[in-house]
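Hello,

Here is the structure I promised to pass on to you. Please open it and keep it beside this email while you read.

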Amino acid sequence: MPKITRRAGLRASAALAAASLSAPWRAFGQSPAPSSTPAVDRAATTANAASAAASTPSEPPRHEGPEGALLAERLKYEGVALAAMRIRDGATTFSGASALGPVPDPRTLFELGSITKTFTALLLADAVTRGLIKLDDPVETALPDRLKLRDSQDAPLRWVDLATQRSGLPRLPANLVVRPDLTDPYATYDWTLMAAFLSGWKADKPRDTAYEYSNLGFGLLGQALGFLQQRDYATLLRERVLVPLGLEDQIFLRPPAGRRFLDGHDKAGKPVDHWTFRPAMAGAGALLGGTGGLARYAQAALGQFDHPLKAAFALCLRRHGARDIPGAGIGLAWHGGALPGRVAFNHDGATFGFSSSLWLDPVNGNASAVLANAGVGVADLALHLLEPAIPVADMSLTRQAAVSLTPEQLQPLVGIYVLSPSMKITVRAEGNRLFARATGQQGFELFATSPLVFFAKITPLEIVFDPAEPDGRGAPALTIKQSGRNTRASREP
């Protein structure tokens with residue numbers, strides 16, 4: 001799948017998977033969704049229109065710092081406030097922009113979403129480097145009440161399987177109940193509920209055979225590490241990571257009194273409630289922080305100051321498995337991606353009202369992060385700060401003039417298009433409207449600029465269909481254009 005601001009950490013969608021933490025480098029920049037129903041697609045279309053209307057402030061966004069103008073330009077299209085950090089050539093800089101309220105500074109708190117997973121993976125690596133466990137050890141030996149955790153071949157799931165998203169566990173447990181208003185879906189999910197789900201779960205594949213992003217897996221990882229060391233997740237994180245790295249005043253599970261903690265917003269700019277977590281799912285996405293805390297965390301990962309977790313970071317930033325993108329690998333939580341002459345590591349995050357993206361370039365000693373207090377894409381901004389040769393998304397693509405097509409013109413485009421064995425795009429028509437949905441993601445509407453060229457209002461991309469086959473089988477392929485990359489997908493027979 002093309003690197004279409006693929007989200008990594010907790011973005012809510014308009015259905016059950018609203019509770020799912022986002023996957024990194026999410027195709028189409030969309031939230032996970034259990035299905036693509038007309039109602040979901042219409043809801044997304046309504047949100048797109050509202051976002052376009054709400055994201056144009058009456059006054060230019062205020063900004064500070066060397067990258068402030070870049071952030072402010074993005075806020076002209078979407079978002080409420082943005083904060084960024086950049087480590088480059090030994091210097092660390094901070095920037096911010098806001099269309100509403102004061103510009104965030106390095107201490108301003110955001111929900112970090114699935115960036116939390118890298119902290120949980122660091123706890124695992126710390127346990128391994130201290131000799132408490134091995135990555136290949138069974139997780140079930142640390143679980144209470146003789147709870148078994150087995151794959152389809154009755155082989156025990158290992159710590160490395162959880163940390164590399166190759167355990168076969170589902171994205172979310174089936175007994176996680178999400179309210180229709182999406183309010184705080186993880187607040188009541190505890191170990192009793194998790195254990196009840198796991199005790200009845202039946203794997204449908206062997207371990208370590210496929211990458212499948214699982215928030216449940218990382219919630220379980222945090223819980224299991226706590227059982228192993230007879231600490232709850234909060235205590236373990238503080239003792240083993242935050243205090244040793246000097247982050248106890250920068251990264252939190254709960255906002256401290258007197259610290260500025262931004263309100264979250266959905267993609268349309270509407271305020272939404274903060275999310276909270278019981279310990280059962282805390283390891284998947286509970287952390288709060290700002291660009292100051294992420295800068296020090298990145299400096300620690302890059303070995304730029306002395307601390308006791310250097311070996312643990314090195315273990316995290318080593319390839320331990322394959323991704324769902326051909327040629328891409330995964331460390332412990334961290335996703336590897338190729339830059340010119342080197343490999344960078346990334347994790348994104350999102351909750352219903354926040355988005356985040358963190359990047360590391362160990363070869364050059366550089367890093368970047370962008371945080372938003374709205375459900376908007378920021379991965380392209382963070383990647384651009386890490387590697388300036390990679391352009392940011394052209395948001396003007398979302399504001400193109402659309403033309404109307406007839407149902408007869410749309411019908412040849414309908415079908416399933418294969419990007420990879422694990423990622424497909426389903427294109428369907430509803431009257432004179434066209435919708436697209438990538439595997440595991442929310443559907444959204446496409447708008448035509450010509451009979452074969454379409455754009456999305458929810459994210460800056462274009463889809464160009466090949467002309468239909470003369471035998472009436474429809475368009476044989478499509479091409480996704482985004483951020484200077486063209487990726488083709490062929491229609492399924």
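Which residues does Gln250 touch, not counting residues up to four places away in sequence? Before the reply, please keep in mind that this is a predicted model. Gln250 touches Arg107, Leu109, Arg259, Leu288, Gly289, Gly290, Gly292 and Gly293. To find Gln250, go to the loop between helix 7 (233–242) and strand 5 (264–265). One of the residues it touches is Gly293, and here a polar atom of the Gln250 side chain lies 3.3 Å from the backbone nitrogen of Gly293.

As background, nonpolar side chains tend to be buried together in soluble globular proteins. In this model the largest nonpolar core has 94 residues, and Phe119 and Leu198 are the ones with the most contacts inside it. Helix 3 (residues 116–129) gives the largest share of this core, eight residues. If you click on Leu198 and leave aside its neighbours within four places in sequence, you will find it in contact with Leu147, Lys148, Leu149, Leu169, Trp191, Leu216 and Leu220. Another core, of 24 residues, lies apart from the largest one, and its members include Leu413, Leu434, Ile458 and Ile463.

Now for a pair of helices. Two packed helices are described by the angle between their axes and the distance between the axes. For helix 6 (residues 215–229) and helix 7, the axes come within 9 Å and cross at roughly 75 degrees. Since angles of 65 to 115 degrees count as roughly perpendicular, helix 6 is roughly perpendicular to helix 7. On the helix 6 side, the contact is made by Gly222, Leu225, Gly226 and Gln229, and on the helix 7 side by Tyr233, Leu236 and Arg240. Sorted by type, the residues of this contact are three nonpolar, three polar and one charged.

The C-alpha atoms of Ala280 and Gly219 are separated by 5.7 Å, although the two residues are 61 apart along the chain. Ala280 counts as buried, at 2% relative accessibility. Not counting residues up to four places away in sequence, Ala280 touches Tyr189, Asp190, Trp191, Met194, Gly219, Leu220 and Gln223.

Is helix 11 (residues 379–386) mostly covered or mostly open? Mostly covered: eight of its eight residues are buried. They are Ala379, Asp380, Leu381, Ala382, Leu383, His384, Leu385 and Leu386. What covers them includes helix 2 (68–75), strand 2, strand 10, strand 11 (342–350), strand 12 (355–361) and strand 13 (366–372).

Asp89 lies in the loop between strand 2 (81–88) and strand 3 (91–98), while Ala333 is in the loop between strand 9 (329–330) and strand 10 (335–339). Is each one buried or exposed? Asp89 is exposed, with a relative accessible area of 70%, whereas Ala333 is buried, at 1% relative accessibility.

Enjoy exploring, and write back with any questions!

Best wishes

Definitions and conventions. Residues numbered from 1 in each chain as written. Predicted model: local features only at pLDDT ≥ 70, side-chain atom pairs only at ≥ 80, totals over all residues. Heavy atoms only, no water. Helix = DSSP H or I, 4+ residues; strand = E, 2+ residues; numbered from the N terminus. Buried < 20%, exposed > 50% of the residue type's maximum accessible area, 1.4 Å probe, protein only. Polar contact = N/O pair within 3.5 Å; in protein donor to acceptor, adjacent residues only side chain to side chain. Contact = heavy atoms within 4.5 Å. Axes fitted to C-alpha atoms, helices over the stretch in contact; angles between N-to-C directions. Parallel < 35°, antiparallel > 145°, perpendicular 65-115°, else oblique. Nonpolar A, V, L, I, M, F, W, Y, C, P; charged D, E, K, R; others polar. Core = buried A, V, L, I, M, F, W, Y, C linked by side-chain atoms within 4.5 Å.
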